[in-house]
Structure formats: C-alpha cells, structure tokens
Amino acid sequence: MSRLEPGLQLRGVSHRFGAQRVLADVSLAVAPGELLCLLGPSGCGKSTLLRIAAGLETLQEGTVLLDGVPIAEPGAAIPPEQRGIGLVFQDYALFPHLNVADNVAFGLAGWTAAARKARMAEILASVGMAEQAQAWPHTLSGGQQQRVALARALAPKPRVVLMDEPFSGLDARLRETIRDDTLHVLKRSGAATLMVTHDPEEAMFMADRVAVMQAGRIEQDATPERVYAAPASAFVARFFGQTNEYRAVVAGGFASTPLGPVAASGFADGTSVCILVRPEGIRLSPSAEAGAPAKVLAARLLGRSSWIHLCLGAAGPEDAEDHQHLHARAPGRFLPPEGDVVGIEIDPGQVFVFEMHDTM
C-alpha cells in the first residue's frame, strides 16, 4: 500500500498489557468516505486498536498513518488533539457544564467567531439538534446525547472519525433510528470512519467493510456480504449467530451429516471436518416426504421470521441425542404444531465446511 494513500492506516500494530498480548501484528486501512467496523467479542482487542489510532494508548509496535503521513511510531507520536480525528465514545463524554452549542463548538477554538457560529448551526441541523442548541446535556435523552456527541466529533471537519460502541447505551428501537441517521451523516461528511462494535447486525447495517477480530488478530476483513456468505473460519461463521454443527470425515469429496451429504471440495479424503449449517439454511416443508423427516419440538414467531426447534427422525425430546437436535429459521410466519413431522432440506449456500483444527 502506498504511503501516499489517503485515509487511516495501521500497519503491523502489536500491543501488550504486561505479559498479555492483546494485539498481534494487526494491519488495516480505511479510505475517505469509507466506514469500517471492527467486530468481535469482548476482550478481542478492538477497543485497544481504536485507542491506539486515536492516540489515547501509546503505540508499542507498528505505525499509524493519516493520509500517508506517520502520526504514531514507537517513541514518537503526534498528540491526540493534533491528529485531526473526531472521537465518539460509548458514554458520549459530553461536558456537563457546557450547553449543546458550546459542546459542539469546543473543538473549533482556532476558528473565527462567525465561522464557529455558522459551523455549529450547520452541524447541529445535520443531526437534527438545532432546536436544542441551548439545552444542557443532563436534560437530553440518550439518543439526543449521541447526536450531540456525533456533531461535536464532526464539527472540525476531521479526516477520520473513530467510534467506540456508540449505540450500545440506547434501547433497541431507538438504536435503529439513531444508527440510520448516523450512517447518513457520516457518509455526507466524507470522513474515514472506524467503528467498534460487538453486534454483528449493527456491523452489517453500518459498514462498507467488516474486520472480524479474535484474540488480537483480524480473522477476516471483507465486505459484509462476503463475511456473512463466505466466512474465512468457523469462528467468523459462528459469530453471526447460532449454527447447527456436525463432525465428519471427507470421503469422495463429500462429508456425511444427519441432514444428508455435504460437498467438501478442496479437502482430501480422510480429512476431519466440522460442518456448520445456519438455521436459515434449513428449508422446511410441511410434507415429511420432502427431505429428511424431523419432529417439531417447538415453534416461535420472532416477528419477521419464525424459529423452529426440531429433532431429526421420529425421536421425541426425551430421547433425542444432542446431535439430533437442530434449529431452523423460516421467513415470515411458519408455526407447525408441536409433534408434527416436517421435511428438511439444506441450502448449500448456508453450509460451511472447515478443517477440524480451524473450529476453535
């Protein structure tokens, strides 16, 4: 990658807290106008990586570049306030002694009074908070505080915006609205945006690219569509929701499962593999003769889809072995009565095969 390439770049970043290594040779890049989500479980290193990019954590190994210019190397770093980076934290971190307008104007110290006033009005209008300019932070709802925090981060027209779990404090209904508004505001700003989240659905909704992290490393960096449809590891596949899992040995290019044979091209005969089948990859038919038969243990409507607990064959819940129990997700309303026998087929596009050593 050229040193002249614009946007945010992190190259070969490693980090330790004492004897514990929390980042291991991480490299990524975010272009202007692009939104990259760091996705992963708690403790995987994603927030530490964000803090290193912001300058809030001292860089130990690697390089951080902005528009091709190093802003942090071991032993030499530009202070956070001089990096031209906008920050949005999980708790919003608004100044309680300043009203909304002054919170937003805080980062515009080098601007003329007229320019500050114009920019403050412009950015507050863009996030729908113009009428609350004189309000105090404690009088605002969580959603309003998040909008103000975003406005403050964007007010100085930063080249990069860093966001750490910005929607986690909002209730589910409000979260959908706020993140939709935030996405549009960020796209209009043209800033390179790096956002941390542990929510796969949120990453899919917000990101142009998703970097899935585990144990201080990036498992996969790709578009949301590719990360979901072509996961690079069992960990990535599992992170996007429950899976029905089976173990098998490849023979003749196929792996045998209770649901039927699964294509395992690229694996040598005798290879031990793990097969993951997403619940939405289980196709159900009211006719038990269409595919493998399975008994319905329970069915629940989840709104846009239905969740069905099944037991393969004619076994009941009291004698079902672990490997016989599976889950299916059907679009819309599909609620077969408990005890009914349905037919099962699998969607090859929702089945993933990995070598056994790649399943942890």
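## Basis

Residues are numbered from 1 along each chain as its sequence is written, and side-chain values use heavy atoms, with hydrogens and water left out. In this predicted model, local features need pLDDT of at least 70 and side-chain atom pairs count only at pLDDT 80 or more, while totals for chains, interfaces and linings use all residues.

## Sheet

An open sheet is formed by 5 strands in the order S2-S1-S4-S5-S6, with antiparallel pairing. Helices (H or I, at least four residues) and strands (E, at least two) are DSSP runs, numbered from the N terminus; two strands pair if DSSP finds at least two bridges between them. Strand S2 (20-30) and strand S6 (76-77) are the edge strands, each pairing on one side only.

Strand S5 (residues 69-73) and S6 run antiparallel and are joined by 2 bridges. Ala77 in S6 stands opposite Ala72.

## Helix across the sheet

Helix H1 (residues 46-54) lies across strand S1 (8-17), S2, strand S4 (61-66) and S5, and runs at about 120° to S1. Axes are lines fitted to C-alpha atoms, for helices over the stretch in contact (heavy atoms within 4.5 Å); angles run from 0 to 180 degrees between N-to-C directions.

## Positive phi

Most residues other than glycine have a negative phi. Asp67, in the loop between S4 and S5, has a positive phi near 55°. Ala215 has a positive phi near 50° and sits in the loop between strand S10 (209-214) and strand S11 (217-222).

Asp67 counts as partly exposed because its relative accessibility is 26%, whereas Ala215, at 60%, counts as exposed. Buried means under 20% relative accessible area, exposed over 50%, and partly exposed in between (1.4 Å probe, protein chains only).
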